Amino acid sequence: MIYYYQIKNKPLTQKMLLGKTCPVCNKKDTLQLTLNMKYVSIIVPVFGMGRTTSVHCTECQHIVKSETGPVYAKKSYTKKINNEINNIDTTYKSSIWQLLYPWTGILLFAGLIITGLAMTRIKEYRNSKIQEMLDKPQSGDIYKSDWYENGMRFSKGTLVKVLRIKGDTITIVRSLHIIEGAAVFSKENWEKIPTDRASFSSKEHKIKLSRFLKDLEFEEFSTYTTHFLGRVMGSGDSNYEFDVVERK
């Protein structure tokens, strides 16, 4: 898509030149002096080009001075008109909005860059905090996790809570509430799951701390065998709209 730029003039203030006569229709008090802001526009104003002035007759619309006229064109109008032009240009004080308006495009672009950088920093900080909790689990930590049944995954998710940590063993319980299908990717669905003690199963699972720290997987073990239960959502990836671990 191609956009073309335009050079525009937007009126800032206007003044009737009393006592002055139009050189075409000879009507008195009909000349109007306009002070404009000049800027380049590409859909929106991009950058300013200073201020321009114009004079025209409100009766016959004759243009005494064009805002695009060259410097030497001032010979075509009287010294009194020239003095009025110089006076309005030097005495008029632009408002903050008028000063910023011609630079709207650049300001918007700068705002987008600053916002993007800020969001990146916030995300990096958030990810570092999540990673810190994943690297150093504590009692009470709650993980949003994939959950497996009989070693097979059925697109289910549940909250897994750490009860105790001793040596290379973490004791966990899972919530009674199960999320299925694409619902596991919704922050709203996770927030609906209660986290009080009564909302978790009474069945405790003992998993290997070393395995969890390596792969963020819940692998239950006993004297003779191990049993895979699940893993932290996205293996700890924080690119979800929710945090995969909570610490209260």
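Which residues form one aromatic cluster? They are Tyr143, Phe212 and Phe218. Here are some friendly notes on the rest.

1. Ground rules. The model is predicted, so to speak from the record: local features need pLDDT of at least 70, side-chain atom pairs count only at pLDDT 80 or more, and totals for chains, interfaces and linings use all residues. Residues are numbered from 1 along each chain as its sequence is written, and side-chain values use heavy atoms, with hydrogens and water left out.

2. Aromatic pairs. Rings of Phe, Tyr and Trp (its six-membered ring) pair if their centres lie within 6.5 Å; planes under 30 degrees apart count as stacked, over 60 as edge-to-face and the rest as tilted. By this rule there are 5 aromatic pairs. Tyr148 and Phe228 have ring centres 4.9 Å apart and planes at 70°, so they are edge-to-face. This pair links distant parts of the chain, with Tyr148 in strand β5 and Phe228 in strand β11, 80 residues apart. Helices (H or I, at least four residues) and strands (E, at least two) are DSSP runs, numbered from the N terminus.

3. Burial of that pair. Buried means under 20% relative accessible area, exposed over 50%, and partly exposed in between (1.4 Å probe, protein chains only). Tyr148, at 13%, counts as buried, while Phe228, at 21%, counts as partly exposed.

4. Nonpolar cores. A core is a set of buried Ala, Val, Leu, Ile, Met, Phe, Trp, Tyr and Cys residues joined through side-chain atoms within 4.5 Å. The largest has 30 residues, and Tyr143, Ile172, Trp190, Phe212 and Phe218 have the most contacts inside it. Elements giving two or more residues to this core include α3 (104-135), β7 (169-174) and α5 (209-215); the largest share, 4 residues, comes from β6. A second, separate core of 15 residues includes Leu17, Val64, Ile81 and Tyr92.

5. Trp190. Not counting residues up to four places away in sequence, Trp190 touches Lys144, Leu159 and Phe242, among others. Contact here means heavy atoms within 4.5 Å.

6. Second largest pocket. Trp190 also lines this pocket, and so do Lys144, Leu159 and Phe242, among others. On a 1 Å grid over the protein atoms alone, a pocket is an open set of points where a 1.4 Å probe fits, with protein on both sides within 12 Å along at least five of seven lines; lining residues have an atom within 4 Å of a point. Its volume, the space filled by probe spheres set on the points, is about 160 Å³. The largest share of the lining, 3 residues, comes from α4. By class, the lining has 5 nonpolar, 1 polar and 6 charged residues.

Terms used
Ala, Val, Leu, Ile, Met, Phe, Trp, Tyr, Cys and Pro count as nonpolar, Asp, Glu, Lys and Arg as charged, and the others, Gly among them, as polar.
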